[in-house]
Amino acid sequence: LYSELRQHERAANIFGAYLALYSPSSSRSRRGRPSYKADDMFRIARYAQGREYIALGDIPAMISCFGAYIDSARDDRFRGSALHLLAHHAAKMGDPAAVDAYATLLDEYGTNEKDSEGKIIPVPRDQWIRQSKSSRSRPKWDGVRIEPPKGLDLSKVRFALALYYWNKKDF
């Protein structure tokens with residue numbers, strides 16, 4: 001409602017309050033409050049809050065909000081769109097979060113190769129775009145790709161990532 005009234009800051013704050021209250025983090029249960037699973041309403045609130053930050057032009061807040069999609073929430077129906085928005089807006093700002101978002105889309109979405117028995121062959125680690133020598137910052141992905149969301153053109157994502165590097169003169 002507040003978003004339709006162009007009161008994006010108020011809408012973002014309301015979504016933030018919901019996310020704080022119903023966070024699926026395990027720390028809640030230690031303080032005597034019930035713990036929650038990330039249900040569809042939580043996912044909607046996280047995505048909507050990020051969209052409100054975009055409407056406000058607060059791209060750093062959107063990067064923080066949508067950053068959770070880089071290493072988690074693979075089953076979230078908003079993940080593909082959120083990663084695409086994160087990559088696009090972070091790239092316009094020159095923020096390196098764009099690389100992780102674009103690379104996550106390219107690594108984790110697409111078709112899987114299968115062996116002669118029809119079993120999925122995970123993408124070998126040395127073929128992942130997101131590489132890290134540190135185990136703390138290594139992607140938490142099993143190498144199995146998921147179906148790209150409808151409308152996501154991975155060739156355009158590859159082009160956008162290349163353009164980001166080109167503009168940074170990092171090639």
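Of the 171 residues in the chain, 36% are buried, where buried stands for a relative accessible area under 20%, computed with a 1.4 Å probe on protein chains only. The model is a predicted one, in which local features need pLDDT of at least 70 and side-chain atom pairs count only at pLDDT 80 or more, while totals for chains, interfaces and linings use all residues. Residues are numbered from 1 along each chain as its sequence is written, and side-chain values use heavy atoms, with hydrogens and water left out.

The chain holds eight helices and two strands, these being DSSP runs of H or I with at least four residues and of E with at least two, numbered from the N terminus. Their order from the N terminus is α-α-α-α-α-α-α-β-β-α. Among contacts (heavy atoms within 4.5 Å) in the chain between residues at least 6 apart in sequence, 55% join residues at least 24 apart.

Helix 4, which spans residues 59–66, is mostly covered, with six of its eight residues buried. These are Ile-59, Ala-61, Met-62, Ile-63, Cys-65 and Phe-66, and what covers them includes helix 3 (40–56), helix 5 (68–71), helix 6 (79–93) and helix 7 (97–108).

The structure holds five aromatic pairs, a pair being two rings of Phe, Tyr or Trp (its six-membered ring) with centres within 6.5 Å, called stacked when the planes are under 30 degrees apart, edge-to-face when over 60 and tilted for the rest. Two of these pairs involve Phe-66, as the table sets out.

| Aromatic pair | Centre to centre | Angle between planes | Arrangement |
|---|---|---|---|
| Tyr-47 and Phe-66 | 5.8 Å | 15° | stacked |
| Phe-66 and Tyr-69 | 5.6 Å | 70° | edge-to-face |

The pair of Tyr-47 in helix 3 and Phe-66 in helix 4 links distant parts of the chain, 19 residues apart. Tyr-47 and Phe-66 are both buried, and Tyr-69 is buried as well. Ring pairs join Tyr-47, Phe-66, Tyr-69 and Phe-78 into a cluster. Arg-46 lies over the face of Tyr-69, at 4.7 Å from the ring centre; the criterion for such a placement is NZ of Lys or CZ of Arg within 6 Å of the ring centre and within 35 degrees of the ring normal.

Helix 3 also contains Gln-49, which is buried, with a relative accessible area of 9%. Leaving aside residues up to four places away in sequence, Gln-49 touches Ala-12, Phe-15, Gly-16, Leu-19 and Cys-65. Between Gln-49 and Asn-13, which are 36 residues apart in sequence, the C-alpha to C-alpha distance is 7.9 Å.

The largest pocket has a volume of about 150 Å³, a pocket being an open set of points on a 1 Å grid over the protein atoms alone where a 1.4 Å probe fits, with protein on both sides within 12 Å along at least five of seven lines. Its lining, meaning residues with an atom within 4 Å of a point, consists of Thr-111, Asn-112, Glu-113, Ile-121, Pro-122, Val-123, Pro-124, Gln-127 and Arg-145.

Notes:
Points joined across faces, edges and corners; volume = space filled by probe spheres on them. Buried < 20%, exposed > 50% of the residue type's maximum accessible area, 1.4 Å probe, protein only.
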